[in-house]
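Here is a short note to read beside the model. Please keep the structure open as you go through the points.

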Amino acid sequence: MYKPELQYIMPLDSDTRNEISDILNAWLNSNSSTLPVPPVEFDTLYKLAKEFISLHNLDDGYIALIMVLISNHLWMPWLQGVPYDKRLLLLPNCLASSDKCQGYNDQFGLVCKKCGSCDILNIEEKAKALGYIVLIAEGSPVVAELIKTGQIRGIIGVSCFEALDKVFEHINNAAVPAVAVPLNKDGCKDTKVDSKWLLDLISAPFDTTKQQSDFNWIKDQVCNWFSYENIAALFEKMEIDSNEETSQISIDWIARDGKRHRPIMTAAVYDCLCKDKNTVFPKSIIHTSVAIEFFHKASLVHDDIEDNDNERYGLPTINNQYGDAFAINIGDFLIGTGYRLIAEQCSPSTIVNKILIEIAKAHQQLSSGQGAELALVGNKCDLDRLLNIYRDKTSPAFRVALLSGAILGGADNDTLEMLTILSDDLGIAYQIKDDLEDTDNDVNQLNILNAIANNGKKISVAKAELLLNEYRKKARMAIPNCSIPQLKFLLTRIITKITE
């Protein structure tokens, strides 16, 4: 959708602002059953705001304010599900008095010296008393790092409409509950904010019924499953001799570095769907997630043989260290062990069969995709054909990771279909990103840049980046109708995390 130009009009008197807010909240509450689950795309907010303005004969100039208020309404319950000490209050420097402020700027932003010449002191003290992290800065990159590390999981931001418009997409793609208070008076100097409105938002109580899955906790749990000691213990429980040579090399290979994207997806999807949330994952999820990583690591062993690669994770590949024959055997061993882990888990047989079918289908498809790639070695490949190869060789691993967690979590058919559609485009976007990060471009290599060159006779990074953005957006287009908030948050973050 073409993004329209917005009018940034803020009613100067609080009575008008409160009246608009009250009427809007009443309208939203009366339509609560049809409202979308956040994060909500710009065009959806715009349509809702236009509908409200038309129904209530309001000035079109208020559309930006109404979009902010609608977004706040949708996100507010989820912000309340974030503990105070995981919430960030982001204030702009321009709230400070330009001629009286005694504060100074460090690498994080303005350090208030409590001179009392502006509203910052009162706002900051009340927020910090509750446990908030407070930053007084203009779009600090520190915010992105705080989100990434999980130190903050909710944001209240104060800014002018123009700045809110610019950061909207980035915040939305992070799927972090965020509400905003637009400045009453902007201009980048001696600005003003409705302190009562802001303090009401800051004081919003913590609501345990709206807590999201803790992605960073899930990631830590999953990564711990792949320590050498834990994999060796798992082998022993399966009565596999962990000291035998094939086992030892396999365990070492599994325990080596890796992003663990796929097993994390499996565990995280399950966590979003499971109504009986515990602090410990059941064995069915642990074994399934580990099996999915076994399959992935097996495919890497075989890929390294096929591509004659000598190094991975900064260490010699299995084929480089032990030879191709032994490496083939290691890959086969991991595949067999992975299927056994799935088959012997304690879930009902109907669930196990469903997962096994999805894994087998994924193995067949990715092998076909890899075969299509191998058949093209030394030959030119056009763009459409390459994208189809990527769909076959990369997407299935993401699909089976997401579907396995969903099946174990009791997902319905609509959710399974959504995850299948999303996976196709996610795999392509991931592979394009991987190609763009490979700076050592060989003209004979099968990758997105050479395929673009084969179509247009010229290598174009810009066109590859446009394609990456296109498939990233396609993956996101599968999510808007997801009715499970926690799952929608998760999928939005996954797409952003592995394709940006």
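1. Is S54 buried or exposed? S54 is exposed, as its relative accessible area is 54%. Buried means under 20% relative accessible area, exposed over 50%, and partly exposed in between (1.4 Å probe, protein chains only). S54 sits in helix α2 (residues 42-55). Helices (H or I, at least four residues) and strands (E, at least two) are DSSP runs, numbered from the N terminus.

2. A word on the source. This is a predicted model: local features need pLDDT of at least 70, side-chain atom pairs count only at pLDDT 80 or more, and totals for chains, interfaces and linings use all residues. Residues are numbered from 1 along each chain as its sequence is written, and side-chain values use heavy atoms, without hydrogens or water.

3. Now look at helix α11 (residues 261-273). Its 13 residues reach 18 Å from first C-alpha to last, close to the expected 18 Å. The expected span is 1.5 Å times one less than the number of residues. Here 13 of the 13 residues are buried, so α11 is largely enclosed by the rest of the structure.

4. Next comes the sheet. Four strands form an open sheet in the order β4-β1-β5-β6, with parallel pairing. Two strands pair if DSSP finds at least two bridges between them. The edge strands, β4 (133-136) and β6 (178-182), each pair on one side only. Strands β1 (residues 87-91) and β5 (residues 154-159) pair over four bridges. R87 has G154 as its bridge partner in β5.

5. Salt bridges deserve a check. The whole structure holds 17 of them. A salt bridge is a side-chain nitrogen of Lys or Arg within 4 Å of a carboxyl oxygen of Asp or Glu. E373 and K393 form one, with closest N and O atoms 2.6 Å apart. This pair links distant parts of the chain: E373 lies in helix α15 (residues 349-374) and K393 in helix α16 (residues 383-393), 20 residues apart. E373 is buried at 13%, whereas K393 is partly exposed at 22%.

6. Compare a pair within one helix. K433 and E437 form a salt bridge, the closest N and O atoms being 2.8 Å apart. They are four residues apart in helix α18 (residues 413-437), so about one helical turn separates them. K433 is buried at 14%, while E437 is partly exposed at 47%. Elsewhere, salt bridges that share partners join R472, R476 and E500 into one network.
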